[in-house]
Amino acid sequence: QRSLVSFYEEIRDFRRSHLLKAKEIITTSDYLRRQVEKFAQEAPLRVVGNPSDDPDHVEAAGHGIEQASPPEILIVGMLNKNKGQAQVVDWIKKLRPRLPDFRFVLAGRGRLGDALRKQAEKEGVSDYLHTPGFLDCGAIYRAYRRASIVLAPNRWPEPFGRAPPEAGQASRPIVAYGVGGVCESVVDGVTGLIARQQVGEGLLVAA
């Protein structure tokens with residue numbers, strides 16, 4: 001029976017052998033480039049960031065959309081623990097004494113959505129949580145324009161992450177954990193804030 005270590009070593013060697021056959025490897029961030037270099041230093045690497053959406057399309061999608069009242073806090077992405085939405089009900093409870101009226105909007109699909117809705121109902125805070133599910137490109141930019149702030153609470157080091165540039169195109173600030181490629185797409189203190197994740201606390205009380 002193989003150990004877990006030998007299993008991961010086999011996966012690493014398999015990936016390395018195929019990467020070294022490539023004429024050129026394109027990564028979407030310096031973070032991802034560094035990860036590839038750790039086990040395939042000889043591979044020819046180049047960083048090409050994910051392209052932004054057409055500015056005219058973004059402007060047309062959000063034309064006439066005002067910030068929502070009460071304010072909306074938007075999180076975009078698949079609803080799962082890696083994306084960080086699992087703490088949203090706790091964040092709601094922490095914010096209620098400080099902000100009298102607000103709403104979290106979780107735009108994305110995933111089983112976690114059902115669990116969060118049930119938890120919010122049980123805790124008596126369901127009015128503070130909205131889960132519209134998957135939104136197409138136009139609807140996403142309308143959601144950005146309605147939001148007062150965007151969160152990217154990833155618990156894992158996402159190689160790139162589209163939320164920061166999309167929020168920027170919609171002229172909305174973003175708060176994100178400083179993990180993975182997001183550190184390359186958020187200008188800390190200018191286009192948003194990079195937060196230091198604190199175990200057991202969460203994004204909204206991170207320093």
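Helices, of at least four residues, and strands, of at least two, are taken here as DSSP runs and numbered from the N terminus. By that definition the protein chain, which is a predicted model, has seven helices and eight strands.

**Exercise 1. Describe the protein chain as a whole, and say where its coordinates call for caution.**

Step 1. The C-alpha trace of the protein chain spans about 55 × 50 × 30 Å along its principal axes, and 37% of the 207 residues count as buried. Among the contacts with a separation of 6 or more, 62% come from residues 24 or more positions apart.

Step 2. The average pLDDT of the protein chain is 88, and 94% of the residues score at least 70. Over residues 198-207, however, the pLDDT is below 50, although this stretch has 26 contacts in the model beyond near neighbours in sequence. Where pLDDT is low, the predicted coordinates should not be read in detail.

**Exercise 2. Work out the strand order of the open sheet, and find which helix lies across E3, E4, E5, E6 and E7.**

Step 1. The open sheet consists of six strands in the order E5-E4-E3-E6-E7-E8, and their pairing is parallel. At its edges are strand E5 (129-130) and strand E8 (192-195), each of which pairs on one side only.

Step 2. As one example of the pairing, strand E6 (residues 149-152) and strand E7 (residues 174-177) are joined in the parallel sense over three bridges, and Ala152 stands opposite Ala176 in E7.

**Exercise 3. Decide which residues of helix H3 are buried and which are exposed, and describe what surrounds its two ends.**

Step 1. In helix H3 (residues 55-62), the buried residues are Val58, Ala61 and Gly62. Because they cover an arc of only 85° around the axis, they are on the same side of H3. Asp56 and Ala60, on the other side of H3, are exposed.

Step 2. The cover over the buried residues of H3 includes helix H6 (137-146) and helix H7 (163-169).

Step 3. At the N-terminal end, H3 is capped by Asp54, a side-chain oxygen of which lies 3.0 Å from the backbone nitrogen of Asp56. After H3 comes Gly64, whose phi is positive, near 80°.

**Exercise 4. Is Thr131 buried or exposed, and which residues is it in contact with beyond its neighbours in sequence?**

Step 1. Thr131 lies in the loop between E5 and H6. Its relative accessible area is 18%, so Thr131 is buried, the limit being under 20%.

Step 2. When neighbours within four places in sequence are left aside, Thr131 is in contact with Leu106 and Arg117. With Arg117 there is also a polar contact of 2.6 Å, which joins the side chains of the two residues, Thr131 and Arg117.

Terms used. Residues numbered from 1 in each chain as written. Heavy atoms only, no water. pLDDT = per-residue confidence, 0-100. Contact = heavy atoms within 4.5 Å. Pairing = 2+ DSSP bridges. Axes fitted to C-alpha atoms, helices over the stretch in contact; angles between N-to-C directions. Buried < 20%, exposed > 50% of the residue type's maximum accessible area, 1.4 Å probe, protein only. Arc of directions from axis to C-beta. Polar contact = N/O pair within 3.5 Å; in protein donor to acceptor, adjacent residues only side chain to side chain.
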